[in-house]
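User: I am new to this structure and would like a friendly tour. Could you show it to me and then take my questions?

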Amino acid sequence: MKEIKLWDANVRVGRSLAGARAAVTGVDEILKALDHYGIEKALVWHIAQFEYSASEGNRLVRQLVKNQKRLVGCWAVLPPTTGETGEYFFDRMKENNIAALRFFPEQHRYLLRRRVFGEFLDQVVARRIPVLLSVKWGVTWPVIYDLLEEYPEMTCLLCDLGIWGLNRYTWPLVSSFPRVYLESSLLSLSDGGLEATVKQFGAGRVIFGTGFPERYADAAILDLLHAPLTDEEKNLIAGENLKRLLAGVKL
Amino acid sequence: MKRKSLLREEFYKQGYLSDTPVYDLHGHMGPVAGIHLPFCEPEAMVQRMKTSGVRKLVFSHHAALMAPDIGNRASQESVERYPDFLRAYLAFNPHYPGVFHRETDGWETGKKFFVGLKLLSDYHRVCLSDERYRLAWEFADSLRLPVLLHTWGGSGYDGPEQVRLVAGRYQQCQILLGHSCHGDWQEAMALVKDFPHVYLELCAVLDERGILEEMVRRVGSERIIFGTDFPWFSYPYYIGAVLDADIEDQDRVRILSGNALRLIPSLKD
């Protein structure tokens with residue numbers, strides 16, 4: 001197969017308060033890792049957005065991705081009513097090379113639903129900003145299902161999927177909501193996860209991610225590289241789908 | 001910067017390792033309650049093993065572990081069909097000792113299919129050191145068989161404290177710590193250091209980066225067994241994780257291949 005161009009939708013930076021065996025911090029370290037794995041571009045978030053403060057974590061992401069061509073930032077969002085999200089949010093996203101959002105409702109103690117986010121999420125949907133929801137980082141399946149019922153056109157990337165109930169939880173969503181995508185880092189962990197999903201929905205609904213540095217990036221790359229899929233399907237998953245989503249963001 | 005790995009380069013290029021046949025000592029087969037497994041029947045599994053260069057899988061059929069009314073015959077039938085690729089563990093359910101008596105009566109025949117025992121205490125809700133397991137432990141010990149345990153950190157059934165009790169009692173068998181007491185890595189490594197017949201096993205370990213490196217550093221790659229829960233976890237993913245770990249190629253060869261053959265030489269047949 002020809003060389004595939006990898007865009008990684010799931011890279012975390014920063015040191016965890018609880019310590020961790022694997023962490024990447026500065027830009028140089030991240031870019032060196034991307035080079036090692038042959039990854040062209042990465043969508044990054046910072047552990048401080050989850051563990052410490054959404055706004056302070058967002059500031060760290062902003063500093064990290066500023067003027068970087070190979071890194072794009074992901075900001076964490078809080079309920080608009082407390083004013084913590086700040087004014088001119090979407091303008092600031094554009095100025096600071098931020099193209100996607102993450103929500104941590106359990107850790108940040110709010111309900112991820114229309115009653116709380118109302119028009120703000122209508123804007124997110126209209127602007128086609130990808131919303132990354134991670135099962136590992138506290139977004140539960142009932143929350144995801146309810147959110148998509150309220151915002152059925154939301155561009156949503158489900159991350160860190162795990163193996164328990166994987167297809168039974170995700171396939172009804174992919175089948176019902178046209179802009180729901182599955183991030184591949186743990187979809188690849190599941191034997192045949194990629195190919196079964198592609199067979200069911202086509203390669204347009206899976207987006208490559210590694211979960212680096214918490215997980216071994218080679219694992220997700222090799223599962224994609226050697227999956228029984230066509231070159232065209234692999235290229236869509238590897239980078240083209242994410243590239244298309246990011247190009248469609250209106251800020 | 002990471003060490004260069006010829007094995008990694010080879011797997012990137014072709015999706016299998018030419019001179020390092022992989023032996024997976026922790027597999028399953030058939031459907032399971034909580035997961036949709038797209039390729040869990042023996043035909044598909046063997047095909048996928050071939051593609052990734054997996055020479056042999058030692059497994060316990062989900063039915064053998066979770067459906068006493070079907071039991072180990074599901075494993076045996078698959079080994080009979082694919083003897084070049086499959087061997088099984090005889091699953092022991094402590095609630096049904098009579099079944100085990102019947103199954104082990106014909107061990108001379110059984111040993112063609114079964115190379116050891118599998119104990120799943122967390123699911124069967126009986127502690128590893130419980131009297132109801134004595135039958136299985138004594139059987140394995142007398143024949144010096146490998147015993148693959150499901151082990152999980154914090155479990156009162158098969159956590160490190162329970163493993164320590166049985167490892168002290170039964171020292172002729174080889175004890176494989178399936179999942180390496182998941183999460184309680186330090187205790188798992190301490191067990192391996194304290195007991196020469198105890199081994200770490202990598203299933204559900206490799207989705208967290210860095211632990212394998214620590215295991216190699218602390219107990220040595222000779223004491224680490226490759227396992228995947230296949231058809232739960234993907235071979236390219238799991239072999240890829242071993243290839244990505246910051247260890248030497250000679251460690252990878254031991255983990256993926258050599259250690260399994262040393263423990264169960266008949267796998268080469």
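**Where the chains meet, and a strand inside**

Analyst: Welcome! 29 residues of chain B are in contact with 28 residues of chain A, two residues being in contact if their C-beta atoms, placed from the backbone, lie within 7 Å. This is a predicted model, where local features need pLDDT of at least 70, side-chain atom pairs count only at pLDDT 80 or more, and totals for chains, interfaces and linings use all residues. Residues are numbered from 1 along each chain as its sequence is written, while chains are lettered from A and ligands numbered from 1 in the order in which they are written.

User: Which helix gives the largest share of the side of chain B that touches chain A?

Analyst: Helices H1 (6-14), H11 (211-219) and H12 (235-244) of chain B each supply at least two residues of that side; helices (H or I, at least four residues) and strands (E, at least two) are DSSP runs, numbered from the N terminus. The largest share, 6 residues, comes from H12(B).

User: Is strand E6 (residues 174-182) of chain B largely enclosed or open?

Analyst: A residue is buried if 20 or more other C-beta atoms lie within 10 Å of its own, C-beta atoms being placed from the backbone. In E6(B), 9 of the 9 residues are buried, so the strand is largely enclosed by the rest of the structure.

User: Which residue of strand E7 (residues 198-201) of chain B stands opposite B:Leu177?

Analyst: E6(B) and E7(B) pair in the parallel sense over 3 bridges; strands pair if DSSP finds at least two bridges between them. The residue opposite B:Leu177 in E7(B) is B:Leu200.

Notes:
Buried ≥ 20, exposed ≤ 12 C-beta atoms within 10 Å, placed from the backbone.
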